[in-house]
Protein chains: 2
Amino acid sequence: MNWINEANVLIVGLGLMGGSYAMGLRKLGFRVTAIDTNESSIIYAKENGIIDEGSTKASPDMINAADAVIFALYPTTFKKWIVENQKHFKSGIFITDVTGVKKDVVYEIQSVLRDDVEFIASHPMAGRETSGVEHSDNKMFIGANYIITPTDKNTAEGIKWCGELGRLLGVGNISVLSPEEHDEMIGFVSQLTHVIAVSLMTCSDNVHLKDYTGDSFRDLTRIANINDKMWSELFLMNKDILMKEIDVFVNEMNSIKQMLEDNDREGLREKMRLSTQRRSLFNKKG
Amino acid sequence: MNWINEANVLIVGLGLMGGSYAMGLRKLGFRVTAIDTNESSIIYAKENGIIDEGSTKASPDMINAADAVIFALYPTTFKKWIVENQKHFKSGIFITDVTGVKKDVVYEIQSVLRDDVEFIASHPMAGRETSGVEHSDNKMFIGANYIITPTDKNTAEGIKWCGELGRLLGVGNISVLSPEEHDEMIGFVSQLTHVIAVSLMTCSDNVHLKDYTGDSFRDLTRIANINDKMWSELFLMNKDILMKEIDVFVNEMNSIKQMLEDNDREGLREKMRLSTQRRSLFNKKG
């Protein structure tokens, strides 16, 4: 399939991410359908022009009409859905997902998937501190990093198709990583940062400090507002890597603590200079 | 002294903070002078209308003309300056500071200060990830938290004067804490957050990850761009509290790691729900 405007795109899982894909694609002229077990999500999305049609059931007709399918489900329900419903897929279509971990998802889906359907996994690194279709916003993809994680089951055509989807939504940098590289990277830049934010909020009863916080504390804990169902799944699916990253980070905190204990001013300054120098490379590109 | 517009205000230490005080007060009609050993800072500030007059020396005339003095020096040089130059102060004036730690500063300054001059310590919780007078911006105080840390050497009149200074600059919430309470609070909301941000940047060579970062990593490391001279001083002056906070935080990280190890999904979700609930209390007031 090519991304031509006559295409029917099916979104499976109509939360914040699924809704944002739907909104972006429908604005571009695609016909967008959605399946979600939550009836109020379907009703909201139809009433607000986010989708053309929706169903709370895995409607064979709706599935069969789709020229492309985007899965925005919780990772644990994704495989079950494929096994039960893939018989309705039109032959030759490409499907993709938005899942935040890849190694435990991609190989399993590809191993059960019909031979005449191709799953190219991708991960748009965008989000909000809210969930639910009513917070959908296709602008969240503008300039975002977008990762494609192909395996040797994928074709050049499928990978190209998946990249074009990102480009249609306005993403910035498109990268291709192996599922393993993706999970290693995401363990550090996303999962570890969420563990840190949560720990800062839960390590002591700090609510009485709310009148004294500066922007730094607010920035570090913005993502402490977290969807517990989704993130506990993502953490556990990537637990070996995440536990290793926690160790590396905790060791560094402890080495700074040791410098404090030793009154090692020069050691502290050296860490701060390295930190400042590296951070300058992470400034957002315009 | 009252904050009447004819007053002469002397700023000692003309960096980012000193310059921002100067800018804000001069815009309100005060005559603002400044002392800083760095000649280019004085020249820049005069040329850009941040101050009326400046000196690279502790000019007796300039000090004696001041109806109020604001110290924006590195904490370690503050006491030395007072001992050497307080003989020039006009009798009866109030002086204040901007220092980010209080216990080790306030009592020492008050113990050496002339009896006819009152030092009321304060801490505007505002800043930028840049330093130097050329980044001065009086708007940084708008809505900021402002803490006054009086001791039993302070008068009600002095405390009122210090609060009015904050109000003139547009701060939001004005709080009164003891120096000890201030340092306990700041060890958590500001210093621990800076240790975390620095550790995230220095714990591994992560520069190759810059193409994959989402906003969460950028938010958590914004303050990893850090003035090493100032922050190493602030950390070491508050090291007992900061080391304790690092321990509390590291223990929490490790308890989350244990939950991962144990596949304790419900434990993780419980932490995330607590985190989300507490974080909602920290949203910035309008």
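How many residues does the contact take from chain A and from chain B? It takes 76 from chain A and 76 from chain B, where two residues are in contact if their C-beta atoms, placed from the backbone, lie within 7 Å.

Before the views, a word on the model. This is a predicted model, in which local features need pLDDT of at least 70, side-chain atom pairs count only at pLDDT 80 or more, and totals for chains, interfaces and linings use all residues. Residues are numbered from 1 along each chain as its sequence is written, while chains are lettered from A and ligands numbered from 1 in the order in which they are written.

**View 1. The side of chain A that touches chain B.** Helix H10 (239–261) of chain A gives the most here, with 14 residues. Among the other elements that supply at least two residues each are strand E8 (145–148) and helix H7 (179–202) of chain A. (Helices, H or I with at least four residues, and strands, E with at least two, are DSSP runs numbered from the N terminus.) By type, this side divides into 37 nonpolar, 21 polar and 18 charged residues; Ala, Val, Leu, Ile, Met, Phe, Trp, Tyr, Cys and Pro count as nonpolar, Asp, Glu, Lys and Arg as charged, and the others, Gly among them, as polar.

**View 2. Strand E7 of chain A and its partner E8.** Ser122(A) and Pro124(A) point one way from E7(A), His123(A) and Met125(A) the other way, and all are buried (20 or more other C-beta atoms within 10 Å of the residue's own, with C-beta atoms placed from the backbone). E7(A) and E8(A) pair in the antiparallel sense over 4 bridges; strands pair if DSSP finds at least two bridges between them. Look for Pro124(A), whose bridge partner in E8(A) is Tyr146(A).

**View 3. The six-stranded sheet of chain A.** This open sheet of 6 strands runs E3-E2-E1-E4-E5-E6, with parallel pairing. Strands E3 (53–55) and E6 (118–119) of chain A stand at the edges, each with a single partner strand, so one side of each is left without a neighbour in the sheet. Further in, E1(A) and E4(A) pair over 4 bridges, and Val12(A) has Phe71(A) as its bridge partner in E4(A). Helix H1 (residues 16–27) of chain A packs on the sheet, touching E1, E2 and E4 of chain A, and its direction makes about 165° with that of E2(A) (axes are lines fitted to C-alpha atoms, for helices over the stretch in contact, and angles run from 0 to 180 degrees between N-to-C directions).

**View 4. A sheet in chain B.** Here an open sheet of 3 strands has the order E7-E8-E9 and mixed pairing. The twist averages 20° from one strand to the next.

Definitions and conventions. Buried ≥ 20, exposed ≤ 12 C-beta atoms within 10 Å, placed from the backbone.
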